[in-house]
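Hi there,

Here is the structure I promised to pass along. Have a look at it first, and my notes follow below.

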Amino acid sequence: TKVSLTGIKPTGEPHLGNLIGAIRPALTLAEEYDSIYFIADYHALTTERDPAAFRHYTRSVAATWVTAGLDPNRTVFYRQSDVPEIFELTWAMSCVTGKGLMNRAHAYKAARDRNIDAGEDPDFGINMGLFNYPVLMAVDILIMEADVVPVGRDQAQHVEYAADIAGSFNHLYGDSYRFKIPEAVIPEEDSAHTVPGIDGRKMSKSYDNTIPLFLPENKLKKLVRRIPTDSTPVEEPKDPNSSTVFQILEHFATPDVIADTRKRLEAGGVGWGELKNQLFEVLNAEIAPLRERYNELMEPGSDLDTYLAEGAEKARERAGKVLRSVRKAVGIS
Ligand code: TYM
């Protein structure tokens, strides 16, 4: 069987975009493939400076995976930081990775461009973790011998880099050990999987526009009310496609409800307030039955700790095999 692998970085509360763009597609793949899903906590350390918040987000991402349906008996499920083999291999792979390749990485280049535009030193505020980020991510993938990596479009370059870095290693040491070349699985029609945030841009922790998944009911209601709408009067026809509220609704309502809502908006007579109530009801119906399980898992000493400990053991066993082959291949044993 082929292996599906993906990770989520704990830089904030998991949100609706993560669920639609990554968690659900990954769980669907898990029905067919061997699956390896993890929490990329050391990746978050490139930006996260608040230890208590970091700890909370890490647990929250883990609890979200399980609440959303990950079965720890079926999927290898762990925290990246519990698998030291990953970090040892990261050094070895850094030594076969060209610096020029890293110079061209989107996230690093974007950070430099922002500095240049602001008239700062190009490397202002850029740490080596951000620069090395793609090597660590390549190793996440390669050390588990993954075939497919379900991710959103923003992560495509990282998966291509993993394939490139594997190729460099194979070119040098392929007689002794060859890495599997991974492939990204990206939702075909991006708009169908990119959930907009409350400001209409792509929902993202870095835009601070997310709808976190397991908000208490009253907070969820407040957040939905804050989504901006235009000033079209209640009785006038409205364009569903230019409404953020409608676009979010499209990801969660049934096709019949979506079609009916579209018709009613276009006919006029439905106000934005009413549409927001509908969105809240649809989201809450989805989330309410899961809140309790999520809150249970968030408690210290819950099943989550057992799942992660068992998962780390399985992950280390798998990673250890690959690491031993690499050590041998390069001449360290
Ligand atoms: P991260 O934590 O930023 O995002 C996790 C996943 O969610 C997807 N995503 C979205 N999809 C649709 N609509 C949105 N609004 C939206 N926002 C986020 C992302 O594309 C991603 O798939 N570098 C990775 C974590 C990582 C990883 C890995 C992934 C570390 N090692 C190895 C795969 C394999 C990241 O920062 O994802």
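Two points on the conventions. Residue numbers run from 1 along each chain as its sequence is written. The model is predicted, and local features need pLDDT of at least 70, side-chain atom pairs count only at pLDDT 80 or more, while totals for chains, interfaces and linings use all residues.

Back to Glu145, which sits in the loop between α7 and β4 (148-150). Helices here are DSSP runs of H or I with at least four residues, strands are runs of E with at least two, and both are numbered from the N terminus. Glu145 has a positive phi of about 50 degrees, although it is not a glycine. Most residues other than glycine have a negative phi. Asp208 also has a positive phi, of about 55 degrees, and is not a glycine either. You will find Asp208 in the loop between α9 and α10, where it is exposed because 10 other C-beta atoms lie within 10 Å.

The loop between α9 (190-193) and α10 also holds Pro212. With 18 C-beta neighbours inside 10 Å, Pro212 is partly exposed. Setting aside residues up to four places away in sequence, Pro212 touches Glu13, Pro14 and His15; contact means that the C-beta atoms of two residues, placed from the backbone, lie within 7 Å. Between Pro212 and Thr244 there are 16 Å in space, C-alpha to C-alpha, and they are 32 residues apart in sequence.

UniProt, in an unreviewed entry, lists residues 10-18 as "short sequence motif: 'HIGH' region"; its positions are given in the numbering used here, and annotations may be inferred rather than shown by experiment. Over residues 10-18 the chain is 33% helix and 0% strand, with 11 Å between the end C-alpha atoms.

Now the ligand, which is surrounded by 27 residues. A residue belongs to this shell if its C-beta atom, placed from the backbone, lies within 6 Å of the molecule. The closest are Gly7, Lys9, Gly17, Gly21 and Gly152. β1 (3-8), α1 (16-30) and α7 (128-142) each supply at least two residues of the shell, and the largest share, 5 residues, comes from α1. By type, the shell divides into 11 nonpolar, 12 polar and 4 charged residues. Here Ala, Val, Leu, Ile, Met, Phe, Trp, Tyr, Cys and Pro count as nonpolar, Asp, Glu, Lys and Arg as charged, and the others, Gly among them, as polar.

Finally, Phe77 is worth a click. Phe77 lies in strand β3 (residues 75-79) and is buried, because 25 other C-beta atoms lie within 10 Å. Leaving aside neighbours within four places in sequence, Phe77 is in contact with Tyr37, Phe38, Trp65, Leu70, Pro72, Tyr307 and Gly311. Phe77 and Glu310 are 233 residues apart in sequence, yet 8.2 Å apart in space, C-alpha to C-alpha.

Best wishes

Conventions:
A residue is buried if 20 or more other C-beta atoms lie within 10 Å of its own, exposed if 12 or fewer, and partly exposed in between; C-beta atoms are placed from the backbone.
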